[in-house]
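Colleague: Could you walk me through some of the labels used for this model? I would like to see how each value leads to its label.

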Amino acid sequence: VLIMQKRIVAFIFLVIIAAMAMGELSPNKAGFSPMENRYLAVMPGASWRTIRTGEWMDDLETYMADHVLLRDQWIRIKNTLERFSGRSQIDSVCFAEEDRLIQAQNVSLDQLSTNMQAIGQWVRNLPEDLPVSFLMAPTSSWIYQDQLPPYTMTYDPQQASEAVRQALPERVTLVNPYEVLYEHRDEAIYFKSDHHWTMRGASYAFTQLAAALHLEVDPFAYEEQKMGTDFRGSVYSQAPVFGYPGEDVWVYQTPGLKATWEAEGAGGTLLMEERFAEKDQYTAFLGGNYGVTHIMNPEASREEAVLVLKDSYANILMPFLAEQYQNMVDLRYYREDLSAFMEKQAIEQVICIYNLDFLCTDQNFVWLKFLGGKEAVQ
């Protein structure tokens with residue numbers, strides 16, 4: 001009987017090993033991971049040079065790691081065991097109070113200084129009569145700083161926000177909605193499992209921006225409707241665990257949702273309802289991020305063309321701005337002449353919308369030195 005049991009156990013292990021091997025060698029592997037929101041490595045081609053330098057082995061190792069059979073489940077098991085062992089942080093993801101997942105950016109403010117220097121110089125090269133506004137979006141790590149686990153290593157958001165204020169030229173209208181967001185922190189103003197704010201949180205920020213821009217738009221005048229369910233966002237994807245609850249996605253039914261957009265062969269309305277059936281439900285707003293997004297609204301109350309330099313925090317704000325503004329640029333994906341673009345589109349106003357984490361970590365603002373025409377390269 002004992003020998004038979006050993007044979008059964010050995011057979012099970014052989015089946016598992018064979019299944020994993022077939023999974024590794026299968027040609028029908030997923031090219032995109034919805035969980036990690038990235039494309040997985042492809043099988044590297046071998047050449048004498050890549051074999052000799054070791055490049056092929058490194059690429060093959062990455063490929064094998066990306067395509068382990070049941071990879072997502074193994075990651076969940078590992079993270080769940082670490083949580084049971086008492087860990088309150090896995091990599092950069094902090095398990096805060098109220099089931100809140102917060103990404104702790106343990107960075108110096110050197111990159112922020114570099115970025116703000118580039119932004120400030122670009123603004124100074126703009127025509128003096130061109131209005132410029134800057135919405136600095138607080139992140140959940142700032143609003144819920146007191147809910148982070150003890151001894152969490154992260155940058156000082158207040159020091160960073162002050163650095164932003166000091167770096168911007170006086171002509172720029174700075175909007176910092178920290179106080180109003182903190183006042184409403186007990187509401188669902190940020191997704192618990194994603195690094196973005198919700199439409200409710202964006203609405204509170206927009207009230208501050210609208211006041212600065214003298215816009216008569218009240219986001220809370222519209223009905224709030226549940227559009228998505230069981231959402232687990234980008235921060236959860238970095239440290240997935242078993243049993244973590246999904247959340248609902250609520251949307252204010254502003255008429256701006258019906259405005260249309262075009263970008264790099266893609267397009268649709270500002271709210272793409274079919275995306276709520278996908279893993280990354282935040283892409284329901286504007287379909288994601290592109291270098292240049294043109295927004296068209298025939299029913300807009302103004303015909304003013306406004307350039308919105310932005311990160312993904314702006315996407316959920318755009319339904320409120322759609323009655324006014326027609327163009328957006330995301331510097332992560334744009335490498336053309338920005339001055340020529342602004343002249344062609346007859347831009348009459350510039351609005352920058354960036355979250356504080358993005359300003360502290362992104363490395364694409366340097367392109368402002370090269371995208372603004374000859375005057376900007378100084």
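Modeller: Happy to! Glutamate 98 is called partly exposed because its relative accessible area is 47%, and the label covers values between buried (under 20%) and exposed (over 50%), with a 1.4 Å probe and protein chains only. This is a predicted model, where local features need pLDDT of at least 70, side-chain atom pairs count only at pLDDT 80 or more, and totals for chains, interfaces and linings use all residues. Residues are numbered from 1 along each chain as its sequence is written, and side-chain values use heavy atoms, leaving out hydrogens and water.

Colleague: Is arginine 100 buried or exposed, and why?

Modeller: Arginine 100 has 4% relative accessibility, so it counts as buried.

Colleague: Why are arginine 165 and glutamate 162 called a salt bridge?

Modeller: Their N to O distance is 2.5 Å, so this pair also meets the definition. Both lie in helix H7 (residues 157-167), three residues apart, about one turn of the helix; a helix here is a DSSP run of H or I with at least four residues, a strand a run of E with at least two, numbered from the N terminus.

Colleague: Which label does arginine 165 get, and why?

Modeller: Arginine 165 is partly exposed because its relative accessibility is 45%. Glutamate 162, at 32%, is partly exposed too.

Conventions. A salt bridge is a side-chain nitrogen of Lys or Arg within 4 Å of a carboxyl oxygen of Asp or Glu.
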